[in-house]
Amino acid sequence: MRKIKISIKNLSKNFGDKQVLNNLNLDIYESESLAIIGESGTGKSVLTKCIDGLENYESGTISYENIEDIKKLSKSKKNNYMGKFGILFQNAALFDSLTVEENLKFCKKNNLKKILKDVSLPESLLKEYPNNLSIGVQKRVGLARAILKNPEILILDEPTTGLDPIMSKQINSLIKKLVDKKKITTVTVTHDMQSVYEFSDYTAFIENGSISWYGKSNEIKKKGNRSLINFINGIY
C-alpha cells in the first residue's frame with residue numbers, strides 16, 4: 001500500500017503581483033520517484049523550494065507525516081525538517097575554491113570514499129577542484145553531497161541539464177540505482193522526458209500554477225491529457 005510522505009493542499013505562492021502557484025494539490029509517496037514537469041516558468045522549482053522549506057508560501061498547507069503544516073514550525077523544528085532533504089541543484093552548486101573532499105565535508109566528515117563509490121567516481125577525485133571536472137562529473141559530486149547524510153527525501157533540479165545523451169543516460173541510471181537501493185523518496189524537476197521514463201514512477205504536470213495531470217510515468221502517452229501530450233511532443 002502506498003504511504004503518503006508529503007501532502008500539499010491548495011498551495012499558492014506569489015512573487016509580487018505574479019502568482020506562480022495557484023491552489024496546487026499534490027501527494028508525494030514514500031520510497032517513490034516523482035517527476036515534476038511543465039513549461040519554463042510554471043513554478044516547478046518554486047514548488048520544490050516550498051516543499052523543502054527554502055521558500056515560504058502565501059496560503060495552503062504542506063504536511064509531512066505528523067506535521068500538519070511546515071509553515072507553522074518553530075525555527076529549530078523547521079531546521080530539523082529541512083535536514084531531512086538532500087538537494088542536487090541544477091548546476092551542482094559546488095564551491096570552486098574548495099576541493100571535492102572539502103565540498104563533501106560541508107555535509108559530513110566520514111564515508112566520503114564510500115559515497116564516491118555509490119556515484120561511480122574514483123577516490124582520486126577528492127583532491128580535485130570542481131572547475132577541473134566535466135559537467136557530468138560535477139553532477140555526480142553534487143549527487144554524492146546530496147545523499148551523504150542519508151536524506152529521507154531527495155530533490156533533483158534538472159539533473160541532466162547540459163549533458164550529452166550518453167552522459168544523461170548514465171546519470172539517469174545512477175539515480176535509479178540509488179533510489180532503488182536506498183529507498184529514498186525522490187522529487188525531480190526536469191524537462192528531459194527520457195529521464196522521466198527511465199527513473200520516475202509517477203509524473204505530475206504543472207499548468208497555470210496547478211497540477212493538471214498526475215499518473216504513472218509509463219502511462220503518459222496513453223493517458224495524458226491534451227496539454228501534456230502537446231508538451232511532450234513540443235506542440236504549442
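The legends below describe close-up views of a predicted model. Local features need pLDDT of at least 70 and side-chain atom pairs count only at pLDDT 80 or more, while totals for chains, interfaces and linings use all residues. Residues are numbered from 1 along each chain as its sequence is written, and side-chain values use heavy atoms, with hydrogens and water left out.

View 1. H5 covers residues 135–147; helices (H or I, at least four residues) and strands (E, at least two) are DSSP runs, numbered from the N terminus. At 1.5 Å a residue, its 13 residues should span 18 Å, and the end C-alpha atoms are 19 Å apart, which agrees; the expected span is 1.5 Å times one less than the number of residues. Twelve of the 13 residues are buried, where buried means under 20% relative accessible area, exposed over 50%, and partly exposed in between (1.4 Å probe, protein chains only). Among the buried residues are Gly136, Lys139, Arg140 and Arg145. The cover over them includes strand S5 (85–88), helix H3 (100–105), helix H4 (112–118), S6 and helix H6 (165–182).

**View 2. The largest nonpolar core.** A nonpolar core is a set of buried Ala, Val, Leu, Ile, Met, Phe, Trp, Tyr and Cys residues joined through side-chain atoms within 4.5 Å. The largest one has 30 residues, of which Leu104, Val119, Val141, Leu143 and Ile147 touch the most other members. H3, H4, H5, S6 and H6 each give two or more residues to this core, and H5 provides the largest share, six residues. Apart from it lies another core of 29 residues, including Ile6, Leu24, Ile70 and Ala204. Leu104 touches Leu112, Ile115, Leu116, Leu126, Val141, Ala144, Arg145 and Leu148, not counting residues up to four places away in sequence; contact means heavy atoms within 4.5 Å.

**View 3. Asp157 in strand S6.** Asp157 lies in S6, which covers residues 153–157. Asp157 is buried yet has no salt bridge; a salt bridge is a side-chain nitrogen of Lys or Arg within 4 Å of a carboxyl oxygen of Asp or Glu. The nearest side chain of opposite charge, Lys49, is 6.0 Å away, with Lys and Arg counted as positive, Asp and Glu as negative, and His and the chain ends not counted. The side chains of Asp157 and Ser45 are joined by a polar contact of 3.4 Å. A polar contact is a pair of N or O atoms within 3.5 Å; within protein, one must be able to donate a hydrogen and the other to accept it, and residues adjacent in sequence count only if both atoms are side-chain atoms. Leaving out residues up to four places away in sequence, Asp157 touches Ser45, Leu88, Phe89, Gln90 and Val189.

**View 4. Lys13 in strand S1.** Lys13 sits in S1 (residues 4–15) and counts as buried at 7% relative accessibility. Its side chain makes a polar contact of 3.4 Å with the side chain of Glu55. A polar atom of the Lys13 side chain also lies 3.0 Å from the backbone oxygen of Asn56.

View 5. A search of the whole structure finds 16 salt bridges. Glu65 and Lys5 meet in one of 2.9 Å, N to O. Glu65 lies in the loop between strand S4 (59–64) and H2 and Lys5 in strand S1, so the pair ties together parts that are 60 residues apart in sequence. Glu65 is partly exposed, at 43%, whereas Lys5 is buried, at 6%. Lys127 forms a salt bridge with Glu101, the closest N and O atoms being 2.6 Å apart. Here the loop between H4 and H5, which holds Lys127, is tied to helix H3, which holds Glu101, and the two parts are 26 residues apart in sequence. Lys127 is exposed, at 59%, and Glu101 is buried, at 16%. In the salt bridge of Asp180 with Lys176, the closest N and O atoms are 3.5 Å apart. Both residues lie in helix H6, four residues apart, about one turn of the helix.

**View 6. Two residues with positive phi.** Ser120, in the loop between H4 and H5, has a phi near 60 degrees although it is not a glycine. Ser120 is partly exposed, at 45% relative accessibility. Lys183, also not a glycine, has a positive phi of about 55 degrees. Lys183 lies in the loop between H6 and strand S7 (185–189) and is exposed, at 53% relative accessibility.
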